[in-house]
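Below is a short report on strands, charge pairs and backbone details. Keep the structure in view while reading.

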Amino acid sequence: SGGSLRYSTGTGGEGSEGEGAGLASSESGGSGFSLAAAALPERRRPGGGRPRYEVVRELGAEEVRWFYREDRKTWKPFIGYDSLRIELAYRALGPAGGPADPREGEVAAVEPVCVRSGLYEVDVASAESYPVYWNQTEKIPVMRGQWFIDGTWQPLEEEESNLIEQEHLNRFKGQQLQESFDMEVSKPVDGKEAIHSLKLSRNHVDWHSVDEVYLYSDATTSKIARTVTQKLGFSKASSSGTRLHRGYVEEATLEDKPPQTSHIVFVVHGIGQKMDQGRIIKNTAMMRDTARKIEEKYFSNLATHVEFLPVEWRSKLTLDGDTVDSITPDKVRGLRDMLNSSAMDIMYYTSPLYRDELVKGLQQELNRLYTLFCSRNPEFEEKGGKVSIVSHSLGCVITYDIMTGWNPVRLYEQLLQKEEEELEERWMSYEEQRLLEELYVTKQRLKEIEERLHELKASTISKPPVLKFKVENFFCMGSPLAVFLALRGIRPGNSGSQDHILPRTICNRLLNIFHPTDPVAYRLEPLILKHYSNISPVQIHWYNTANPLPYEHMKPSFLNPTKEPTSVTDGESVSTVPSPTTSPVMVRRHYGESITNIGKASILGAASIGKGLGGMLFSRFGRSSTTTPQTLEPGKDGAEGDDKKATTVGTPPLPHSSSGFLEPIVELEHRIDFELREGLVESRYWSAVTSHTAYWSSLDIALFLLTFMYKHDQEDTDKSNLDAI
């Protein structure tokens with residue numbers, strides 16, 4: 001900081017100070033500088049709203065705009081803050097007194113410029129951008145934009161742009177810009193002859209006046225079209241030319257800066273990363289983009305923002321090398337390779353030989369990313385920055401084990417202890433009893449020695465924590481964690497605390513997100529309190545719901561405990577009324593229930609409509625008409641909910657009030673299971689295939705994540721909203 005960029009506003013010509021001469025920068029690693037600009041003449045491009053100079057002169061750093069291109073799509077502009085800093089670095093490469101092409105002659109060493117909220121760096125000399133926190137094989141090209149196409153404001157290719165700019169300055173530098181420039185609509189160039197022309201390889205450029213420049217294609221078809229249109233009376237410019245603009249539509253300013261990151265989210269992948277190595281980077285990019293949209297819509301009043309970083313832990317692991325590949329038969333090889341690259345990760349994790357390698361791989365990557373982020377953002381820890389983890393599929397289990405330090409050896413010791421207790425209870429001979437007592441004394445002695453040794457080690461070496469940060473929120477998406485915990489012997493208790501499965505000292509909040517048809521996902525709440533198996537998960541709000549009720553104020557409601565009906569009469573005998581507040585738009589049902597049977601139950605007697613797609617569609621829409629509307633009004637959400645009665649046939653004798661909600665005997669401190677709402681016309685069998693990977697681009701999930709991460713910043717706003725409700 002401390003460098004400045006000044007512009008002269010003299011009337012011109014060769015004697016005025018060049019833009020490059022006024023540049024001074026004392027950047028540290030391309031992190032930032034201050035910009036002091038003298039008052040510029042208030043001449044504006046029609047419709048562009050961009051201050052202009054009185055005379056033609058070299059483009060100012062604020063008029064140049066840098067672009068980047070990802071996945072071979074269109075060029076995207078860097079924000080003003082980034083573009084100005086890239087331009088400074090670019091000008092630092094050239095000779096003193098003005099910008100130069102850094103790719104010619106000797107190149108001065110310039111530090112890379114940090115861009116796009118610090119996620120990428122730009123190497124100006126090679127005109128490439130690359131990510132800071134993850135590896136990417138494809139470099140992202142960057143380009144300096146000086147001349148732009150009218151309407152789209154896409155930059156001309158740099159080579160052509162440089163030639164046009166050079167020609168423009170040679171011919172018009174120091175000339176006065178026309179007064180007509182202030183008009184809303186520029187005068188048409190019909191009938192005007194070109195006052196200057198420049199031939200390019202496949203195009204040529206005509207200047208009809210200082211600020212009316214057109215690009216024409218010299219292809220054969222274009223020549224024919226031009227001749228025909230001119231004979232019909234159309235002007236040359238309007239028929240086939242493309243209007244060009246010098247300088248970008250809006251000035252780059254340092255105020256156009258990304259907000260400071262107050263919360264980082266590590267996004268951990270599950271199985272299948274070996275099959276598609278860049279997938280987690282693309283998925284995180286999708287999640288980041290959807291989160292940006294939600295931030296702009298709902299959290300734009302906050303001065304901070306949440307950053308998402310991909311954690312790619314699988315590709316660096318060697319595991320068994322190629323042993324599994326060598327024993328794989330050749331028939332249906334494609335399918336076998338797919339299974340080896342995906343489902344095999346689960347087998348590796350359950351193997352005592354490779355489990356530690358997987359755990360260590362993820363743990364080291366999380367710590368590496370956190371250390372790197374803090375080194376590049378020293379204020380993050382000082383200002384109390386928070387860290388959350390979003391894990392998908394098997395990634396949830398590995399992340400959980402890292403946080404809790406769970407190890408299968410502990411489980412083995414517990415089993416041995418149990419066996420010893422059983423042995424003591426059965427009858428045994430005197431000799432057997434004596435040997436067992438001797439074994440017990442020896443084990444006790446061994447335990448004492450181990451403890452003393454451990455104490456000695458602990459006094460000399462302080463063991464660092466497994467993770468270098470405290471986890472604020474742990475979001476599981478499409479997670480099989482509950483199954484793993486159940487198979488490890490965790491059973492429901494009588495306390496409604498999250499500590500039963502994940503202590504609050506390790507992680508402040510555990511949240512389990514799943515799609516109702518995701519075959520890999522399981523619920524966690526019934527592992528804490530058993531009766532929650534009969535309580536529906538909390539329904540995640542649609543992102544466009546007006547004034548949604550805050551999640552902490554949503555009361556638990558019953559699931560329909562009736563089994564899937566096997567015939568029409570069975571379905572008709574079940575009368576269900578949708579529960580308010582947390583119920584989805586459809587009648588709650590068992591997860592095994594098929595789409596046709598749901599149709600029977602919801603239409604109540606209209607099963608004769610017929611089978612097939614028509615019946616399925618009818619059942620879907622029919623269901624929505626018999627239940628509450630999808631977007632609940634804030635007043636109805638809580639107030640009317642208390643008046644409704646949720647009763648079901650065959651409900652087990654659980655303590656509940658006449659309103660259908662649970663009496664507050666034993667409730668969870670915080671809800672953990674959150675369920676996405678199903679679409680209206682959505683085949684359940686098809687969504688069972690696609691739902692496990694459908695979390696990344698969901699706007700509903702993006703809003704859900706940000707709601708909990710911005711919780712403290714939004715508490716006052718939520719309070720006022722709740723009072724209104």
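## Strand β12 and its partners

β12 and strand β13 (residues 242-246) pair in the antiparallel sense, over three bridges. Pairing here requires at least two bridges found by DSSP between two strands. Strands are DSSP runs of E with at least two residues, helices are runs of H or I with at least four, and both are numbered from the N terminus. In this pairing, V213 stands opposite L244 of β13.

On another pairing, β12 (residues 212-217) meets strand β11 (residues 203-209). Six bridges join these two strands, which run antiparallel. H204 has Y216 of β12 as its bridge partner. A hairpin of two residues connects β11 to β12. β12 is mostly covered, with five of its six residues buried. Buried means under 20% relative accessible area, exposed means over 50%, and partly exposed lies in between (1.4 Å probe, protein chains only).

## Basis of the model

This is a predicted model, in which local features need pLDDT of at least 70, side-chain atom pairs count only at pLDDT 80 or more, and totals for chains, interfaces and linings use all residues. Residues are numbered from 1 along each chain as its sequence is written, and side-chain values use heavy atoms, with hydrogens and water left out.

## The six-stranded sheet

An open sheet holds six strands in the order β4-β3-β8-β7-β6-β5, with antiparallel pairing. β4 (76-77) and β5 (113-115) are the edge strands; each has a single partner strand, so one side of each lacks a neighbour in the sheet. In a regular strand, side chains alternate between the two faces of the sheet.

Strand β8 (residues 140-145) is mostly covered: five of its six residues are buried. Strand β3 (residues 65-68) pairs with β8 in the antiparallel sense over four bridges. There, R65 stands opposite G145. Strand β7 (residues 128-131) also pairs antiparallel with β8, over two bridges. In that pairing, S129 stands opposite I140.

## The β5-β6 end and its loop

β5 pairs with strand β6 (residues 120-123) in the antiparallel sense, over three bridges. V115 has Y120 of β6 as its bridge partner. The loop between β5 and β6 contains R116. S117 is found in that loop too.

Most residues other than glycine have a negative phi. S117 is partly exposed, at 26% relative accessibility.

## Salt bridges

How many salt bridges does a search of the whole structure find? The search finds 25. A salt bridge is a side-chain nitrogen of Lys or Arg within 4 Å of a carboxyl oxygen of Asp or Glu. One of them joins the side chains of E121 and R376, at 2.6 Å from N to O. This pair links distant parts of the chain: E121 lies in strand β6 and R376 in helix α9 (residues 355-376), 255 residues apart. E121 is buried, at 12% relative accessible area. R376 is partly exposed, at 30%.

R355 and D356 also meet in a salt bridge, at 3.5 Å from N to O. R355 counts as buried, at 5% relative accessibility, whereas D356 is partly exposed, at 43%. K383 forms a salt bridge with E379, with the closest N and O atoms 3.4 Å apart. K383 is exposed, at 57%. E379 counts as partly exposed, at 37%. Elsewhere, salt bridges that share partners join R288, R292, E295 and E307 into one network.

## A negative surface patch

E413, E450, E451 and E455 form a negative surface patch. Patch residues have over 30% relative accessible area and no salt bridge; like charges are joined within 9 Å, and nonpolar side chains (Val, Leu, Ile, Met, Phe, Trp, Tyr) within 5 Å. Asp and Glu count as negative and Lys and Arg as positive, while His and the chain ends are not counted. The place of a charge is NZ of Lys, CZ of Arg, CG of Asp or CD of Glu. Accessible areas come from the Shrake-Rupley method with a 1.4 Å probe, and for residues only the protein chains shown count as cover.

Helix α13 (residues 430-460) supplies the largest share of the patch, three residues. E455 sits in helix α13. E455 is exposed, with a relative accessible area of 55%.
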